[in-house]
Structures are given as C-alpha cells and as structure tokens.
Amino acid sequence: MAHLLGAENISVTFATRTILDGVTLGLEEGDRIGMVGRNGDGKSTLMRLLAQRTTPDDGRVTKRRDVTVGYLNQNDVLDGDLDVGAAIVGDQADHEWASNPKIRDVMGGLVAEVDWHARVDSLSGGQKRRVALAKLLIGDDDVIMLDEPTNHLDVEGVAWLAEHLKQRWRPTEGGLLVVTHDRWFLDEISTRTWEVHNGIVDGFDGGYAAYVLARAERDRMANVIEGKRQQLVKKELAWLRRGAPARTAKPKFRIEAANALIADVPEPRDSLALSKLATARLGRDVLDLENVSLELGAKPLFKGITLRLAPGQRLGIVGVNGAGKTTLLRLLNGEMAPTSGRFKRGKTVQTAILSQDVRELDDVNHLRVTEVIEQEKRVVSVGGKEVSASQLVEQLGFTNEWQWTPVGDLSGGERRRLQLLRLLVGEPNVLMLDEPTNDLDTDTLAAVEDVLDGWPGTLIVVSHDRYLLERVTDTQLALLGDGKIRDLPGGVDQYLQLRRGAAVSGDKLAGTPMGSDSGNGTTTAAAGSAGPSPEETRQAKKDLTRIERQMTKTSSQIEKINQQMSDAGSKAAVDFEKMSGLDAKLRELQAEQESLEEQWLEAAEVLGE
C-alpha cells in the first residue's frame, strides 16, 4: 500500500502537560482509521497536526506531494450569508451537480430535509453540521479527516454516513481518519483503530470490538491491568461477545479466543432482580399516556398515542429529527400537558431527567465537583451496594484532582457526567436521559453504562447512539414524524428498515404513516395499502426456503472457522498469518450472513411474518 501521510517523532506540550510524546505513525492507501481515547488525551490535536492545521513542538508531519486532505473539525464555520445550496456546491448550476451521482447521494443522505434556499445563519447547529459535512463529502480529496462527524446526526444519518464511507474507499484507494465516541460507527467503518493515551498512540487492527479484545489481551499479557479499568474493559468485552438482544442479526464480534478473558464476568445486569427491586420501589403504576394528542401551535405532534411504562422497564427511543423525542420525555416528566388524552403518574414515582444542554448546573458553577454531589447525598445505593459520593464520582472518571475542580471550569462532557451523577445520587425511580452520550469518550461511556446496568428503576433513553441503546435498554420504540409511536421488536435495525421502506414507497424523509393504527396507538410497518399478489407470495415462500438453507450453511462455516481460530489461538506459538487469513474469511462469511438475514426479513415482510 502507498503511503499518504504520517508523523515522525512528533511531540506537543500544553503548559506543563505533554499531550503527544515522540509519536510516529502513518496513514496508508485504503486505511479507514478510527481514533479513540479519553477526552483531553490528544485525539483532536493529533488530527489537526496530520491535517497540517497546526505544527508540533518537535518532529514533523509528512505528506505525499499529490495528496489532498479534506478536514472537518468540531467547530467548522460556514459563511453565514450564503444560502445552503451555494454553501455546498458553490456556483454550480442545478443541472451540473444533479448529474453527479455522488453529489446526489450526499445530498439525499445529509441535507434532504434542509431548506435549499435558507441562509446558513438561520439553520440550527445540527443543520449547519450536516451542510458542512455535505460540502466536504462532495469533494474528491484523497484523505478525509472527520472530528466527531456523528454529532447532531440521527440514527438514520449515522447509518447512511457509515455506508457512504465504506463504499467510498476501497482497499487501495484514499484514506479516512475519524475521531468519534460512537462505537457502533467505529465498528462499521474502521479497518484500524488508534488509541491515544499517555502521550503515545497504539495501533490495533479492526474496529472497536476488535480493539476492545486486543486491548484486554494486551493488558492481560503485560500484567498491568488496574482494578476498575480492568473490570470495565472486561465487562465491555463480555457484552460485545454475548451480543445485543435487540438486534435481529448477530453481532459481528465472534472471536472465540475471547472466552478465556470473560469467563469470570457476570451478565451486565440481573434483569429479574432489578425488576423485583424496581417494583418494590415503584409499585405497579409508573407513568401512563392514554390516547394522548399534543399540538404545538398549529402542528399536531402526537395523535392519540398510548404508552404504559412498567416498573424496571428499560426503554430506548429513536426517531427522526423533529418527531418529538424530547417532547415525549417532557410529557412523561409532567413538564407539559397534553392537548387531549390522559397522563397518569404513580403515587410513588420520583422522576429525574438529564437534558441535552445541562443548564441545571448553571446555578452551582461556583461549587466544586464533590460539593455538588454531597449537597444531594453522601451515600447512595448502586446495584445493591452502598457507595459514597466520592467513590461514585471517581467511578465516572473524576480523579481526586478533578473532584475539587469548580463546576464552571468543566468541559461539556464533564458537566454531563456530573449532572448524571447528581441525578443518580438523588435516587429517583424513573430516570430519563436525553442524548446522554454527547461529548463523552468511549471509556467514560463504558463507565456510565456500568453504573446504569446496576441501577434499579425505570429507564428511558433518547439517543442516536445505537450501541448505548442496545447495551442499556431492553425494548425500543420509534417516532417517525407521523404523530404515532411504533414498537421495535427488531431494535434499531427494524427502525432503519421502516425508514428505507418509507423512502422506497415515496413517503417524505421526515416520516409519514407507514402502517395502520393499533388499539394502543402503536403502529407496525406495512408494505403498502394493497397486499402482495399471489405470485409475489409464492416467490417469497420460495425465497425464504432458499435463504434459510443458505443461512444454515453459512452458520456452519462460521462455527467451523471460530473453532479453528480458537484452536490456533490456544497454541503456545500463535500463527498470526493463519489467524489473519481465518479472520478475513470470517468477515466475508459474516457479511454474507448479514446480507442473507436482510433478504430473509424482506421476504418475511411480504408474507406478513
């Protein structure tokens, strides 16, 4: 592979802290690299250096002469006086850019819902981010660098971006470098992972799941794992191996060699025990919306929806932008009254809600982190264990030094962590989280999930982070912008299918009705107003039989390769070349299995199964 750009022995120091210390690395043609690390460890700094937006204190950045670099940082600012069209395609006439399939794909995936003639200054922060991303992706840069590209994107937007980036760079073309906290996205797009920590950069083959395995194995072999960090990594690995129950397709992470590392790790949570504890704390009645409608101005946002929350239920909510996800939380929290219908709240219910902007901390900016928590309570019960406020603060990443930092000096991610801790210490029995992953790094997210796993109560999470949803919630529902709610037995994958079905049938991207109402206000997807023809039904039955045979065969091949990898990995002298070949074959079979599962779902939908 040809070298595109790289760094030679670069170092960067801020005040008395060394961010990067003698780092040497390179980006080759075909590389799709995801960068992970704790907030403040230097991920964005390294990306700016490689993009030649800044210079190192020592060392140098090299770039092949003919290589062009497209770079999107977290704060890219567009010309606010331009309209959206001019900001993206410049002076190109409509027929010029519309004849380019790549540009049409980018427009449809990112800015289909943005007014083409609106001034950039009039857009929301999320819309500006989409426009800036679209402007970058329609170009022909050899290397693209994206710093937190999934911020402000919904689940559908993240899935589109992952597919676009995978299709854009083949093994021998161009390069991609991404900093993101979205672990599902990392796993989808990355062929390599860079971990930035302690002034150095460690490289790993594969995406996030492979990185977690390699990191756990590296720490085990070096015998340097430290208490809580060890348990978090192993627990994360255990969850990855066991798979997300909400997915219709099995996770990609099936490396049997990991079993030895997680043999002593319990299930992430004991759902039955937590449910019993939640019932004891809550009683039978929690929060109910019965035939609720809500109008904001002249716009009907909800139309006759019914939602009943059970003690200990862990519910995830996904949906298109503007469909009312945050408003639904406010209804459930009693902050808004419905236009019609009934809101019922159990007598023992104590709610707490984590908002997106975390303005609740503005009144305590003068206090220190530990003081804010101790104002609420000095001891709290988590997973049946008594934990002091300082221990809980430390568990979510606030070291002894940071515990005495004034709240006003905290970053956005640190403020979000602190407010979540503040809510947990208050011991509510219904917890609502609105986009809780914003500004949090992957290690902190794992720690947050660990705390939520042992939290006994009803949990409602609104998020575009499908990894988090599948990890901490057991059921999901969708808001598609048509005023209804839909159960998602198939999880986020089913939601994306519904959205694709809407696009194929000609519905608006914002989400229009795709099914008929059920008695409780929840709808299910329907292929259309007319049922399948007899010929389509016969063909679908044939397809199901054929696909099931292929899936059985592929599953058998996958199990065989897993056993071969396990046998090879257990030998004293590991044949890495053989392991690499087996891993490549395994990836091919897993991709084939996923394709078959999608085909099966499509055929089953025709038959109404």
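The legends below describe close-up views of a predicted model.

**View 1. The chain as a whole, as a setting for the close-ups.** In this predicted model the chain holds 20 helices and 20 strands. Of its 609 residues, 51% count as buried, and the accessible surface comes to about 27900 Å², of which 48% belongs to carbon and sulfur atoms. Among contacts between residues at least 6 apart in sequence, 71% join residues at least 24 apart.

**View 2. The aromatic cluster of Phe204, Tyr208, Tyr211 and Tyr467.** These four residues, Phe204, Tyr208, Tyr211 and Tyr467, form one aromatic cluster. With ring centres counted as paired when they lie within 6.5 Å, the count comes to four aromatic pairs. The rings of Phe204 and Tyr211 have their centres 5.3 Å apart and their planes at 70°, so this pair is edge-to-face. Phe204 is buried, with a relative accessible area of 8%, and Tyr211 is likewise buried, with a relative accessible area of 2%. A further edge-to-face pair is that of Tyr208 and Tyr467, for which the distance is 5.9 Å centre to centre and the angle between the planes is 90°. Because Tyr208 lies in helix α8 (residues 208-222) and Tyr467 in helix α17 (residues 466-472), this pair ties together parts that are 259 residues apart in sequence. Tyr208 and Tyr467 are both buried.

View 3. Strand β8 (residues 192-197) is mostly covered, five of its six residues being buried. With strand β3 (residues 32-36) it pairs in the parallel sense over four bridges, and within this pairing Val36 has Glu195 of β8 as its bridge partner. With strand β9 (residues 200-205), by contrast, β8 runs antiparallel, and six bridges join the two; here Trp194 stands opposite Gly203 in β9. The hairpin of β8 and β9 has two residues between the strands, and in this hairpin Asn198 takes a positive phi near 50°.

View 4. Three strands make up an open sheet in the order β2-β1-β4, with antiparallel pairing. Strands β2 (17-28) and β4 stand at the edges and have a single partner strand each, so one side of each is left without a neighbour in the sheet. Direction ignored, neighbouring strands of this sheet are turned by 10° against each other on average. Strand β1 (residues 3-14) is joined to β4 by five bridges in an antiparallel arrangement, with Gly6 standing opposite Thr62 in β4. Helix α1 packs on the sheet and touches β1, β2 and β4, and its direction makes about 130° with that of β1.

View 5. Gln52 is found in the loop between α1 (43-50) and β4 (58-63), where it has a positive phi of about 60° although it is not a glycine. Its relative accessible area of 44% makes Gln52 partly exposed. Glu148 lies in the loop between β6 (143-147) and α6 (155-168), and its phi is near 55°, again a positive value in a residue other than glycine. In contrast to partly exposed Gln52, Glu148 is buried, with a relative accessible area of 11%.

**View 6. Helix α15 and the residue Glu427 that comes just after it.** Helix α15 (residues 412-425) has 14 residues and reaches 20 Å from its first C-alpha to its last, which is close to the 20 Å expected at 1.5 Å a residue. Because 13 of the 14 residues of α15 are buried, this helix is largely enclosed by the rest of the structure. Just after α15, Glu427 takes a positive phi of about 50°.

Technical notes:
Residues numbered from 1 in each chain as written. Predicted model: local features only at pLDDT ≥ 70, side-chain atom pairs only at ≥ 80, totals over all residues. Heavy atoms only, no water. Phe/Tyr/Trp six-rings, centres within 6.5 Å; stacked < 30°, edge-to-face > 60°. Buried < 20%, exposed > 50% of the residue type's maximum accessible area, 1.4 Å probe, protein only. Pairing = 2+ DSSP bridges. Expected span 1.5 Å × (residues − 1). Axes fitted to C-alpha atoms, helices over the stretch in contact; angles between N-to-C directions. Contact = heavy atoms within 4.5 Å. Areas by Shrake-Rupley, 256 points an atom, 1.4 Å probe, with all protein chains shown as cover.
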